[in-house]
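Dear colleague,

I am handing over the structure below, and after it you will find an account of what was found in it. Please keep it open while you read.

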Amino acid sequence: MSTEMKKTDHTQELNLQVEGLTEKEVKEVQKIFQRFLDKYKENPDKETSKWLFEQLKVELPEKEDAELHKIADEITEAIKGYNNDLEDLNQSCRKGITKASWLAEKLQDGAKGVSVNEFGEYLREIDQTMTQANMQMARTILRADGDVSQCINLDGFIAEQYHVNNFNAKAVLEKSPYRARVCVPENGQYGKNSVDVMIDNIKTGQKGVARYQMKYGADSKATIGMLKDGDYANQRLVVPKEQVEDVQKYFPDKTVTDHIGGTDKIDIQSEGLTKEQVKSFQKDAQSNRMIQRTDWNVYQTKELALNIGKQAGQAGIHAALLGTGIHLVEKAVSGEPVEADEVVKTAITTGADTGVKAAAGGALKVASEKGIISILPPGTPAGTLAKIACVGVENVKILWKVVKGDLTMSEALEHMGRTSVSMYAGLSAGAAGAGIGAAALSWIPVAGPIVGGIVGGLVGYTAGSKVGEKIFEGAKKVVKAGVKVVKSVVETIKNTASAIFDKIFSFLPF
């Protein structure tokens with residue numbers, strides 16, 4: 001029997017926005033997911049890779065059979081690996097082993113055959129990348145005024161670090177006393193109009209010689225919209241190269257540029273970027289781009305691996321972004337008739353979920369290849385998307401236990417941390433063994449929980465109104481709990497990060 005999803009009031013904790021990610025995109029993904037799910041239900045006893053291939057051939061007819069078989073196999077193997085890792089992690093935790101220690105061991109195992117210097121450099125890059133990504137998420141979630149409704153802009157995050165790296169590379173070469181940095185406040189709390197990037201004089205110790213606010217909207221209108229409600233006194237505005245003229249016209253009393261530096265006081269300046277270039281950098285990062293390594297033998301690999309494990313399990317931050325994805329689904333499907341799907345309901349309530357995870361992984365890959373979700377560009381590896389789908393399904397199962405009263409909030413956050421750590425175990429260890437650079441994983445801490453939330457929301461919705469509404473309500477409760485722990489998370493990150501993140505996105509060209 002068909003029923004309707006009820007409209008519900010949305011708490012601010014679920015109101016984070018992601019540029020370019022809309023309800024329309026979510027609805028398109030929902031349709032694709034349903035088609036994969038229907039294919040699975042038609043062939044419940046057929047091997048996962050076989051029915052996946054058949055549906056991929058329908059969805060992506062322009063691709064060769066060999067490539068589609070490869071995609072289907074990657075999704076199948078990724079799900080199998082994820083399930084094994086999660087089970088192993090859960091067993092280890094029951095024995096008193098921490099998530100961080102478990103992941104550290106997995107990273108070490110995955111790096112067999114990799115030279116010590118290479119592995120140390122790889123871990124250093126991963127550590128710094130995840131530190132910066134978690135800070136960026138906390139920056140969006142936690143503001144001094146208590147408002148958490150801001151835009152998470154993945155390519156804007158990349159642009160900030162690009163300008164800092166680009167400027168500093170030139171400054172070092174020219175023996176300039178100036179250095180740029182992405183701003184992380186000492187008290188761990190970000191103000192509503194907080195500065196994105198500063199330039200300091202390391203010779204005199206003067207901080208904030210120049211201050212910048214960076215906005216990288218899809219076009220001039222979008223960028224102006226991001227800026228017009230802010231109060232960016234004493235900050236220069238940095239925007240995409242092709243938008244400078246339009247934004248300057250709208251803000252005649254502000255300095256609008258496409259670079260940092262380049263003033264009478266600071267002659268060094270970064271190279272300007274177009275929106276298209278930043279998007280291409282994002283795509284490069286998401287498509288397992290190889291990066292050049294440098295010799296590195298300073299860091300203790302065990303210590304780095306342990307810190308990576310701690311950062312991967314920052315479930316308070318991840319919970320807020322998970323809620324963003326689920327909230328998008330709720331808005332997209334609200335008021336629509338829902339026919340309860342017993343297969344999905346069973347997956348949520350009993351754990352028999354391999355087929356649902358495969359359907360979700362296939363849907364994400366098709367959405368990526370067709371450009372339906374802008375934060376998942378074409379070429380995003382199928383195995384990576386499958387593991388993100390796994391996290392989404394596992395987190396919905398956790399939310400279901402929350403609403404049933406089987407898990408407390410703190411227990412739910414702990415288990416959500418495990419779902420993320422399990423994903424990183426497969427991706428990071430595999431990347432290390434294959435010699436793939438940290439840049440290939442740099443986008444996951446930001447985009448992964450959001451996309452996982454979309455998967456979770458779709459799974460909850462497909463299970464029918466009764467289950468779906470409880471999942472949405474459970475998400476709100478968990479997100480509220482997650483936001484409360486973000487401040488302590490920020491302090492933890494800050495205390496373990498001893499340096500400004502000069503080389504986080506060192507794969508970007510200077």
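I158 is buried, with a relative accessible area of 2%, where buried means under 20% relative accessible area, exposed means over 50%, and partly exposed lies in between, with a 1.4 Å probe and protein chains only. Helices (H or I, at least four residues) and strands (E, at least two) are DSSP runs, numbered from the N terminus.

Before going on, please note that this is a predicted model, in which local features need pLDDT of at least 70 and side-chain atom pairs count only at pLDDT 80 or more, while totals for chains, interfaces and linings use all residues. Residues are numbered from 1 along each chain as its sequence is written, and side-chain values use heavy atoms, with hydrogens and water left out.

L413 is found in helix α15 and, at 12% relative accessibility, counts as buried.

Helix α15 (residues 409-434) is also the place of S422, which is buried with a relative accessible area of 0%. Which residues is S422 in contact with, leaving aside its neighbours within four places in sequence? They are Y82, D85, L86, L89 and W102, where contact means heavy atoms within 4.5 Å.

For the chain as a whole, there are 17 helices and 9 strands, and buried residues make up 58% of the 510 residues. Of the contacts in the chain with a separation of 6 or more, 75% are accounted for by residues 24 or more positions apart.

The axes of helix α2 (residues 48-59) and helix α13 (residues 354-369) come within 11 Å and cross at roughly 30°; axes are lines fitted to C-alpha atoms, for helices over the stretch in contact, and angles run from 0 to 180 degrees between N-to-C directions. The helices α2 and α13 are therefore roughly parallel to each other, since angles under 35 degrees count as roughly parallel, over 145 as roughly antiparallel, 65 to 115 as roughly perpendicular and the rest as oblique. On the side of α2 the contact is made by T48, W51, L52, L56 and E59, and on the side of α13 by T354, G355, A358, A359, G362 and V366.

Two loop residues are worth checking by eye. Most residues other than glycine have a negative phi. K175, however, has a positive phi of about 55° although it is not a glycine; K175 is in the loop between α6 (154-173) and β4 (178-182) and, at 76% relative accessibility, counts as exposed. N234 likewise has a positive phi, of about 65°, and is not a glycine; N234 lies in the loop between α7 (220-228) and β7 (236-238) and is exposed, with a relative accessible area of 69%.

Lastly, how many disulfides does a search of the whole structure find? The search finds 0, a disulfide being a pair of cysteine sulfur atoms within 2.5 Å. As for individual cysteines, C93 counts as buried at 16% relative accessibility, and C390 is buried with a relative accessible area of 0%.
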